[in-house]
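Here are my notes for you, point by point. Have a look at the model first, then read on.

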Amino acid sequence: LVARGRPHLRSANFFEMSEAVSVFQAAAVIDPTSAAAYAGLAHAKVDQATNRHVLVEAFGEAKAAALRAVALDHESADAQAALGLVMLVAEWDWIAAERSFQRALAINPNHAEAYLHYGTLMEALGTLEGGFQLKLQGLECDSTSALAHVQIAGSFWFQRRYDDVIVWANKALDRNPHHLIARQLLGAAHWKMGDLERAGKLLSDCKQPDLGNEGLFLAVRFAQSGDLDSAFEQLQRLIDTRDPAMIHLAVAPQWDSLRADPRFNQCLVRMKLRPA
């Protein structure tokens, strides 16, 4: 069951997360002492929290599963990587996340997901090149992973290298034509390059579930339209709810129009991030 669940995690595809959760839960029932089952469950629950309707519940269950995994086997790289992911995305505890990723890689220097998520952490903290290099190491460890290709596309998004975003998002789509995050990155890159018609078609052609991310879309829309008061009002709400999209507030280009406003740095201070 654990082996069956791992490809779902490597897909980084929202539409596979319910199956991943079910498989890892079943594995934990069969063997309540399996650190790998709880580590996989924690990872799947973090990914499931992309759906903001279940964010609080999913994050709580993810943290409980990750802590259980580490308690069962402190020397499990999967458990340490899962705990790092929870600390990164759910807790915004950058120091604890880095410690867990480093521990995972000390246990298993070929742990692809640990490299990828450690790279995500470094980018969130403003170290774009260092994060990118970590993700490339993750790709070397697992060259067929859609997760790795999407993560690298995300690196190019933060670097404003939109041509490269398109190349790498398409590589992820070659592995899964309906990959939600790859579609979103591809559409966003075309939008940034001024091809609004193609961007709209890419996003409309992809089956878009109701993820409860209206607040995120509103914040971006207000920022782009110049309604800064409304944009910052939405940003504060997103930070209050620990929306996972906020971890890249310091570096993501969709927030560039807000950076000159003093309130932007106040948001970063709340998250213990530094200006990029």
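1. Which way is the crossing of α10 and α11, left-handed or right-handed? The crossing of α10 and α11 is left-handed, a label used if the near helix is turned anticlockwise from the far one by less than a right angle. Before going on, note that this is a predicted model, where local features need pLDDT of at least 70, side-chain atom pairs count only at pLDDT 80 or more, and totals for chains, interfaces and linings use all residues. Residues are numbered from 1 along each chain as its sequence is written, and side-chain values use heavy atoms, with hydrogens and water left out.

2. Now the geometry of that pair. The axes of α10 (residues 162-175) and α11 (residues 180-192) come within 9 Å and cross at roughly 155 degrees. Angles over 145 degrees count as roughly antiparallel, and α10 and α11 are therefore roughly antiparallel to each other. Helices here are DSSP runs (H or I, at least four residues), numbered from the N terminus.

3. Who does the touching? Contact means heavy atoms within 4.5 Å. On the α10 side, the residues include Tyr 162, Val 165 and Ile 166; on the α11 side, Leu 185, Leu 186 and His 190 are among them.

4. Next, the core. A nonpolar core is a set of buried Ala, Val, Leu, Ile, Met, Phe, Trp, Tyr and Cys residues joined through side-chain atoms within 4.5 Å. The largest one has 96 residues, and Leu 121, Leu 235, Met 246, Leu 249 and Trp 255 touch the most other members. The largest share of this core, 11 residues, comes from α5.

5. Met 246 deserves a click. Leaving out residues up to four places away in sequence, Met 246 touches Trp 92, Leu 216, Leu 235, Leu 238, Ile 239, Trp 255 and Met 271.

6. Stay with Trp 92, which lies in the loop between α5 and α6 (94-107). Most residues other than glycine have a negative phi. Trp 92, not a glycine, has a positive phi of about 55 degrees.

7. Lys 272 sits in the segment after α15 (262-270) and is exposed, at 70% relative accessibility.

8. Finally, is Gln 80 buried or exposed? Gln 80, in α5 (residues 77-91), is buried, with a relative accessible area of 4%.

Definitions and conventions: Axes are lines fitted to C-alpha atoms, for helices over the stretch in contact, and angles run from 0 to 180 degrees between N-to-C directions. Helices (H or I, at least four residues) and strands (E, at least two) are DSSP runs, numbered from the N terminus. Angles under 35 degrees count as roughly parallel, over 145 as roughly antiparallel, 65 to 115 as roughly perpendicular and the rest as oblique. Buried means under 20% relative accessible area, exposed over 50%, partly exposed in between (1.4 Å probe, protein chains only).
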